[in-house]
Amino acid sequence: MKKSLLNEFMKGLTRENPILIIMLGLCSVLAVSTDVANGVGMSLGFSFVLITAELLSSAFRKIIPNEVRIPIFLIFIAVPTTIVDLIMKAYFPPLSKSMGVFIPLIVVNCIVLGRVEAFSSKKSLSESFMDSLGMAFGYSWVIILLSVIREILGKGTFLGKEIFSKNFEPMAILSFPPGGFFLIAIFIAILNGILKRRS
């Protein structure tokens, strides 16, 4: 694998992480990361939409008129979003109900539209694939780790099952947006510290 392609993948994990560095799409992250199941479901749906949309915009970038590129990009994002939404409703109805509007709202997620407009519409298929893969992994590790901490410490459960004795007192604030913001701030501080040591 060429070094430049590896760099396109790696940047999404840390130094250009869409949540911790670029800080986009925080509404859905805070809303669905209260349970591990929701976090995993959101990361899978988001990754499918992002990778598909970036590949489509890169593949058709040379024939899309500049004046109508945004509506076409929205179609590229809306199609995989609808597929994810329908699959979840058909095969995982409790998960779909639990995540509410946040799966359909992927279509207006700033991360997806931003990567399509700023990157894949100007880059090759291979570069767009590696970029979308890196951004998807970067988004997923943050939201899943956040979900694990918020569910265990905020509810005392893991995947809905009790894991502590009855004497455990959950930190209920972690189940609410302020608790999510607090954890994201800790993640950002840790990641910035690691990146500064490397530079």
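These legends accompany close-up views of a predicted model.

**View 1. The largest nonpolar core.**
This core has 36 residues. Those with the most contacts inside it are L20, M42, V112, Y139 and I184. Seen by element, two or more residues each come from helix 2 (26-32), helix 3 (36-59), helix 4 (69-91), helix 5 (93-99), helix 6 (110-120), helix 7 (125-155) and helix 8 (177-198). Helix 7 gives the largest share, six residues. In soluble globular proteins, nonpolar side chains tend to be buried together.

**View 2. M42 and its contacts.**
M42 is one of the core residues with the most contacts inside the core. Residues up to four places away in sequence are not counted here. On that basis, M42 touches S28, V32, M99 and F102 among others. The list also includes I103, I106, Y139 and I143. Y139, too, is among the core residues with the most contacts.

**View 3. S28, a buried serine in helix 2.**
S28 is found in helix 2. Is S28 buried or exposed? S28 is buried because its relative accessible area is 9%, and buried means under 20%. A polar atom of its side chain lies 3.2 Å from the backbone oxygen of G25. Apart from residues up to four places away in sequence, S28 touches M42, F102, N109 and Y139.

**View 4. F46 in helix 3.**
F46 lies in helix 3. Its relative accessible area is 0%, so F46 is buried. Which residues does F46 contact, leaving aside its neighbours within four places in sequence? They are I106, N109, I111, V112, A136 and Y139. V84 is 38 residues apart from F46 along the chain. The C-alpha atoms of F46 and V84 are separated by 8.8 Å.

**View 5. D85, a buried aspartate in helix 4.**
The place of D85 is in helix 4. D85 has a relative accessible area of 13% and is therefore buried. Leaving aside neighbours within four places in sequence, D85 is in contact with I103 and P104. I103 also touches M42.

**View 6. The largest pocket.**
About 200 Å³ of space lies in this pocket. Its lining is made by G41, L44, G45, F48, I83, V84, I87, M88, F92 and L95. Which helices each supply at least two residues of this lining? Helix 3 and helix 4 do. V84, one of the lining residues, has its C-alpha atom 8.8 Å from that of F46.

**View 7. L183 in helix 8.**
L183 has its place in helix 8. At 8% relative accessibility, L183 counts as buried. Residues up to four places away in sequence are again left out of the contacts. L183 then touches L146, I149, R150 and L174. L146 is 37 residues apart from L183 along the chain. The C-alpha atoms of this pair are separated by 7.3 Å.

**View 8. The stacked pair F164 and F168.**
The structure holds four aromatic pairs. One of them joins F164 and F168, and this pair is stacked. The rings lie 4.0 Å centre to centre, with 25° between the planes. Why does the pair count as stacked? The angle is 25°, and planes under 30 degrees apart count as stacked. F164 is partly exposed, with a relative accessible area of 35%. F168 is also partly exposed, at 26% relative accessibility.

Most residues other than glycine have a negative phi. M23 is not a glycine, yet its phi is positive, about 55°. M23 sits in the loop between helix 1 (3-13) and helix 2. Its relative accessible area is 42%, so M23 is partly exposed. L159 has a positive phi near 55° and is likewise a residue other than glycine. L159 has its place in the loop between strand 1 (157-158) and strand 2 (161-162). Is L159 buried or exposed? At 52% relative accessibility, L159 counts as exposed.

Notes
Residues are numbered from 1 along each chain as its sequence is written. This is a predicted model: local features need pLDDT of at least 70, side-chain atom pairs count only at pLDDT 80 or more; totals for chains, interfaces and linings use all residues. Side-chain values use heavy atoms; hydrogens and water are left out. A nonpolar core is a set of buried Ala, Val, Leu, Ile, Met, Phe, Trp, Tyr and Cys residues joined through side-chain atoms within 4.5 Å. Buried means under 20% relative accessible area, exposed over 50%, partly exposed in between (1.4 Å probe, protein chains only). Helices (H or I, at least four residues) and strands (E, at least two) are DSSP runs, numbered from the N terminus. Contact means heavy atoms within 4.5 Å. Rings of Phe, Tyr and Trp (its six-membered ring) pair if their centres lie within 6.5 Å; planes under 30 degrees apart count as stacked, over 60 as edge-to-face and the rest as tilted. A polar contact is a pair of N or O atoms within 3.5 Å; within protein, one must be able to donate a hydrogen and the other to accept it, and residues adjacent in sequence count only if both atoms are side-chain atoms. On a 1 Å grid over the protein atoms alone, a cavity is a set of points where a 1.4 Å probe fits but cannot get out, and a pocket is an open set with protein on both sides within 12 Å along at least five of seven lines; lining residues have an atom within 4 Å of a point. Grid points are joined across faces, edges and corners, and a volume is the space filled by probe spheres set on the points.
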